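This briefing goes through selected parts of the structure shown below, topic by topic. Please keep the sequence at hand while reading.

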Amino acid sequence: MTDIKGLCEPRFAAVRSALAASLGKHDVGASVAVYLDGEPVVDIWGGYVDADRSISWERDTLTGVNSTTKNMTALCALILADRGRLDLSAPVAAYWPEFAAAGKEGVLVRHVLSHTAGLPDLSGLTAVEDLYDWENVTAELAARAPAWEPGTAAGYHALTFGFLIGEIVRRITGRSLGEFFAEEVAKPLGADFHIGLPAEHDDRVAPLIPPPSLTDEYAASGPPGPDGVPREITGAAIRVKDANSVAWRRAQIPAVNGFGNARSVALVQSVLANRGTAAGMRLLSPQGCEPAWQEVFRGEDRILGTPMCWTVGFGKFGNTFGWGGWGGSLVASDPGSRMTVAYVMNQMIDRDQQEDDRGMEIIMAAYSGLH
């Protein structure tokens, strides 16, 4: 059995067993956390930082969580809305006047947060390095025409989600999304999560490990179309080697380049599951949390090619809301149970090659502890 370290209340023993099983079968290194009523009931980790299994995964090991970052970015918008500084039903152009170009004067903030704004890609940007130029990316988005009438359809905004929300946050606060998150969320909660990772944390980072049989040239691909063939990605293809680069860590790409561990992901997101408070700190009013689970769109997602329910910032799955990242990380919150579950790992799995049930098995194990 793999050695699992950390805190696990006895009633959640199934979570520890699920992580041990995953480390014995698929994972190299991983962390799992469960928060209930804003407090940790599970905070465990195990395995290794490196593919050679020579360096142990420690309590404070960090790794890139890819699109699990979107949960953090959405929370920043909800905090501003709760403070009365952002109207979720206002046009984006009310905060970002240039955005009204090319027929986007009717795009609302809630459209951007629910992947219904009609701006799902960055086809004009072909190199990953282009994503590091915030002003250029946001100017391109401001000039672009929507691919569909905003609000009428959904299409996963894989990269654009973070630039769009980040620019709204910057226009309102004068701070980048990463700065706002660090000062208004991470610092008060004591959460070890970073969007734009400072150099002093580099020695704690567990690099992402490409899926078995693949190299670090492995890139995020489009989901399969109706014919089963993956859709071609328009714009920069992000490879594992890019996500592991120093330039990627320093940049702010708030849809995809957050660094953390399960403890920090679950701590931050438990604010929304626990009526606005976690770790004794209030970040939102109870009412300010509700858009996270209120349905904005239900139907076929044009990019994902699957039925989806989108709320203001999150995917909704039954009674839970949250989202996961390329390779396997995820977080799910259940406001009815006031529970948040997070899973963060370094071994990626390519869903086109094999099923990836790791995160789902952790979530199901957490629910077994509630009964």
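Strand β14 (residues 339-345) is mostly covered, with seven of its seven residues buried; buried means under 20% relative accessible area, exposed over 50%, and partly exposed in between (1.4 Å probe, protein chains only). Helices (H or I, at least four residues) and strands (E, at least two) are DSSP runs, numbered from the N terminus. This is a predicted model, in which local features need pLDDT of at least 70 and side-chain atom pairs count only at pLDDT 80 or more, while totals for chains, interfaces and linings use all residues. Residues are numbered from 1 along each chain as its sequence is written, and side-chain values use heavy atoms, with hydrogens and water left out.

**Strand β14 and its partners**

- Both faces of β14 are covered: M339, V341, Y343 and M345 are buried on one side, and T340, A342 and V344 are buried on the other.
- Strand β2 (residues 29-36) pairs with β14 in the antiparallel sense over seven bridges; two strands pair if DSSP finds at least two bridges between them.
- Within this pairing, Y343 in β14 is the bridge partner of V32.
- Strand β13 (residues 330-334) also pairs with β14 in the antiparallel sense, over five bridges.
- Opposite A342 in β14 stands V331.
- The hairpin of β13 and β14 has four residues between the strands, and R338 takes a positive phi near 55 degrees there.

**Helix α11**

- In helix α11 (residues 358-368), the buried residues are R358, G359, I362, I363, A365, A366 and Y367.
- The cover over these buried residues includes α1 (13-25), β2, β12 (320-324), β13 and β14.

**The three-stranded sheet**

- Three strands form an open sheet in the order β4-β6-β5, with antiparallel pairing.
- Its edge strands are β4 (63-64) and β5 (194-195), each of which pairs on one side only.
- β4 and strand β6 (residues 258-260) run antiparallel and are joined by two bridges.
- T63 stands opposite G260 in β6.

**Helix α2 against helix α6**

- Two packed helices are described by the angle between their axes and the distance between the axes.
- The axes of α2 and helix α6 (residues 177-189) come within 10 Å and cross at roughly 70 degrees; axes are lines fitted to C-alpha atoms, for helices over the stretch in contact, and angles run from 0 to 180 degrees between N-to-C directions.
- That angle makes α2 roughly perpendicular to α6; angles under 35 degrees count as roughly parallel, over 145 as roughly antiparallel, 65 to 115 as roughly perpendicular and the rest as oblique.
- The crossing of α2 past α6 is left-handed, a term used if the near helix is turned anticlockwise from the far one by less than a right angle, with right-handed used if clockwise.
- M72, T73, L75, C76, I79 and L80 in α2 meet L177, F180, F181 and V185 in α6, where contact means heavy atoms within 4.5 Å.

- K70 is found in helix α2 (residues 70-82) and counts as buried because its relative accessibility is 2%.
- Leaving aside neighbours within four places in sequence, K70 is in contact with residues including H115, Y156, H157, F161, P254 and W323.
- The side chain of K70 reaches two backbone oxygens, that of A158 at 2.6 Å and that of A255 at 3.4 Å.
- The C-alpha atoms of K70 and S17 are separated by 28 Å, and the two residues are 53 apart along the chain.
- T73 also has its place in helix α2 and counts as buried at 0% relative accessibility.
- Not counting residues up to four places away in sequence, T73 touches F161, G162, I165, L177, I195 and P254.

**Two further buried residues**

- W248 lies in helix α8 (residues 246-250) and counts as buried at 2% relative accessibility.
- W248 touches, among others, V128, Y132, I238, V256 and F259, with residues up to four places away in sequence not counted.
- W248 and L197 are 51 residues apart along the chain, with their C-alpha atoms separated by 8.8 Å.
- A278 has its place in strand β7 (residues 277-278) and is buried, with a relative accessible area of 1%.
- A278 touches G38, L189, L267, S270 and V271, not counting residues up to four places away in sequence.
- From A278 to Y343 the C-alpha to C-alpha distance is 18 Å, at 65 residues apart in sequence.

How values were computed. A polar contact is a pair of N or O atoms within 3.5 Å; within protein, one must be able to donate a hydrogen and the other to accept it, and residues adjacent in sequence count only if both atoms are side-chain atoms.
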